[in-house]
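Here is a briefing on one protein model. It covers a few backbone details first, then a sheet and a helix.

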Amino acid sequence: MADISIRKVAKSYGKTSVVEALDLDIHSGEFIVVLGPSGCGKSTLLRMIAGLEEISAGDIAIDGTIVNRLEPRERGCAMVFQNYALYPHMSVADNMGYALKVAGVAKAERLARIGRVAETLGLTALLDRRPAQLSGGQRQRVAMGRAMIREPKVFLFDEPLSNLDAKLRVQMRIEIRKLHNRLSATSIFVTHDQVEAMTLADRIVVMNAGKVEQIGTPLEIWHRPASRFVAGFVGMPPMNLLEATVETDTRVRLADGTPIDTPPLALRPGTPVVIGIRAEDVRVGAAVNDPGLVLAVDFVEQLGAAALVHGRFGGHDFVVTAPAALAEGAPEGLALGIDPPALHLFDAATGRRLATVNDAAALARPAVLAPTA
Amino acid sequence: MIERTPILNAVTHTVLFLGFLVAVLPFVVVAVAASHDLFHVNLVPMPLLPGGHFWENMTEAWTRADLGHKLLNSLIFAGGVAAGKVFVSAITAYAIVFFRFPGRQAIFWAIFVTLMLPLEVRIVPTYAVAANVLGPYQTILDVTGLTDLIAWISGIRLDLQFGLLNSYTGLILPLVATATGTFLYRQFFLTIPDELVEAAKMDGAGPIRFFVDILWPLSRNNVAALATIMFLWAWNQYLWPLLVTTDPTHATAVTELKQLIPNVGGVPEWNIAMAGTLIVMLPTLLVVVVMQRWFVRGLISTEK
């Protein structure tokens with residue numbers, strides 16, 4: 001258990017900047033997920049905390065101690081790697097016990113601790129096997145065991161689930177969260193998978209191009225994306241983002257002239273903005289109160305419980321979630337209803353979120369509006 | 001192969017068998033010659049069926065060339081060279097692959113270039129160094145005038161002497177550096193995933209622990225392959241032991257074979273010479289037979 005404080009940390013290779021002056025405070029026992037597309041610097045950030053990568057500027061402190069110059073082993077971190085990085089010539093028991101062996105822990109105690117960790121992870125029957133004789137999920141467990149056995153202050157996970165098949169990934173995700181609840185060590189988990197981020201995190205750090213876009217709880221990220229990037233990155237399907245121009249205090253006009261009602265804005269008419277709306281926040285169907293909004297349907301992705309209807313609206317590609325029955329029979333057009341509270345507004349130039357009066361109430365609002373079909 | 005081609009199979013087997021005959025024939029001739037007495041071995045043509053003097057020829061060769069002692073020398077020499085090469089090239093490649101320091105690439109290429117300088121090419125300077133290891137330093141002192149300076153100050157004239165001739169060290173040490181081995185290890189070390197190195201770092205293993213606990217066990221196939229090749233190579237060395245060991249107590253079995261070869265005008269005891277050859281060949285054959293499995297694995301290195 002340890003606080004981690006990251007102050008103006010930067011990393012550059014020659015002139016290429018990978019992470020730019022990054023600030024982050026992680027509380028003791030917190031589960032932080034660093035989310036971002038590949039190449040955004042999230043793994044570099046993790047490796048800088050681990051001590052596997054030197055930092056170009058700034059300070060990293062674990063438990064109040066600046067660790068910039070410390071070797072990985074002196075930082076009290078344990079890491080789970082994407083490819084597990086098990087020692088191929090050692091048995092499962094030796095793999096898990098290696099850190100203890102290096103630390104000079106007596107053999108009897110070592111075996112006892114290996115036994116305890118193996119029991120927690122359900123590996124007791126596999127202790128004599130070599131990594132090559134294990135399945136992907138079992139290897140993943142061994143990698144976790146190897147990290148757990150040292151009872152580290154900080155757990156670092158570098159996309160540990162991305163090599164597993166979909167079913168195992170869900171299972172391991174749940175196990176990792178359970179484990180965290182039990183051990184309550186500070187955890188930092190790097191992933192590009194937003195579902196992992198949403199389900200695991202106490203707080204999510206969304207990164208893009210070496211910078212932090214937003215830090216917040218999963219619901220904050222979901223309901224109040226701080227930037228156009230976050231809005232487009234978090235959510236499946238991604239949030240619909242449409243270019244528009246401010247017309248009045250409560251109305252914007254899309255590129256093709258469609259008017260959209262918005263929550264009250266304090267912007268000069270003529271200001272370009274980007275409006276965003278999640279596929280599931282759009283009301284779809286026949287009984288809509290604004291007959292002017294129509295989605296020209298291109299194709300339908302049937303998911304069973306609901307359907308994703310792709311089409312064109314306001315001069316942009318647009319996706320809505322429709323009840324499965326409504327999407328059946330490939331309709332040519334769907335009537336749309338967009339409620340002002342469901343809208344997100346972003347500055348067209350900077351991509352930052354524009355505050356509206358709804359933001360305060362946003363967290364209280366249900367995530368999915370019931371379609372009125 | 002999934003294809004079933006009986007004719008092609010027959011042809012390949014025939015070619016293979018012919019190749020085997022060609023390879024094995026000299027051995028057969030040696031073995032047969034070693035089993036005849038002086039009269040039969042000098043018949044033209046030599047009889048191709050074995051005679052009955054095999055054991056007595058072997059004993060004669062063994063005692064005449066003092067092969068017991070010489071084989072032990074050879075074993076120490078070849079074993080020392082092989083072990084030295086395996087170790088030195090492993091740590092050289094370790095430094096080149098896993099550590100970042102200025103001139104890393106330059107050093108690697110400098111080592112690589114020495115592939116083009118086999119022992120025979122550099123044998124004179126190597127001999128000079130073996131004759132007096134401190135010779136180069138003496139030269140530096142002489143050329144810079146330091147020798148004179150020291151003589152002037154202290155009255156002692158420096159004459160650095162440290163010869164390695166007629167010693168196991170002299171036999172082994174100059175042959176221990178190897179570009180081939182370094183290259184073999186480098187290629188293998190490059191296949192070690194970075195994550196494995198990082199995992200070891202996270203586990204708290206320093207560079208030496210990582211080498212001993214992780215890298216060395218993982219490269220055991222390469223060790224076996226390299227040790228086999230280098231043992232055979234060293235065992236068969238002729239020129240270097242001949243130069244360095246003027247005193248027969250340190251001579252190797254291969255060089256001592258010349259004791260058994262009949263002089264011009266001497267008794268043509270080819271049967272004894274062949275018996276000696278057979279004895280000297282035997283250890284290498286054993287090494288190949290025993291190490292073959294590891295040897296092949298180490299060179300293909302696709303084990304997962």
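D63(A) sits in the loop between β4 (57–62) and β5 (65–66) of chain A. Strands are DSSP runs of E with at least two residues, and helices are runs of H or I with at least four, numbered from the N terminus. This is a predicted model: local features need pLDDT of at least 70, side-chain atom pairs count only at pLDDT 80 or more, and totals for chains, interfaces and linings use all residues. Residues are numbered from 1 along each chain as its sequence is written.

**Backbone in loops**
- D63(A) has a phi near 60°, a positive value in a residue other than glycine.
- D63(A) is partly exposed, with a relative accessible area of 41%; partly exposed lies between buried (under 20%) and exposed (over 50%), using a 1.4 Å probe and protein chains only.
- A209(A) also has a positive phi, near 50°, and is not glycine. Its loop runs between β9 (203–208) and β10 (211–216) of chain A.
- M236(A) and P237(A) are joined by a cis peptide bond, with omega about 0°. P237(A) belongs to the loop between α8 (228–233) and β11 (240–248) of chain A.

**The sheet**
- Six strands of chain A form an open sheet with mixed pairing, in the order β6-β7-β8-β3-β9-β10. Two strands pair if DSSP finds at least two bridges between them.
- β6 (77–80) and β10 of chain A are the edges; each has a single partner strand, so one side of each lacks a neighbour in the sheet.
- Strands β7 (154–158) and β8 (186–191) of chain A run parallel, joined by five bridges.
- In β8(A), I188(A) stands opposite L156(A).

Conventions
Chains lettered and ligands numbered in written order. Heavy atoms only, no water.
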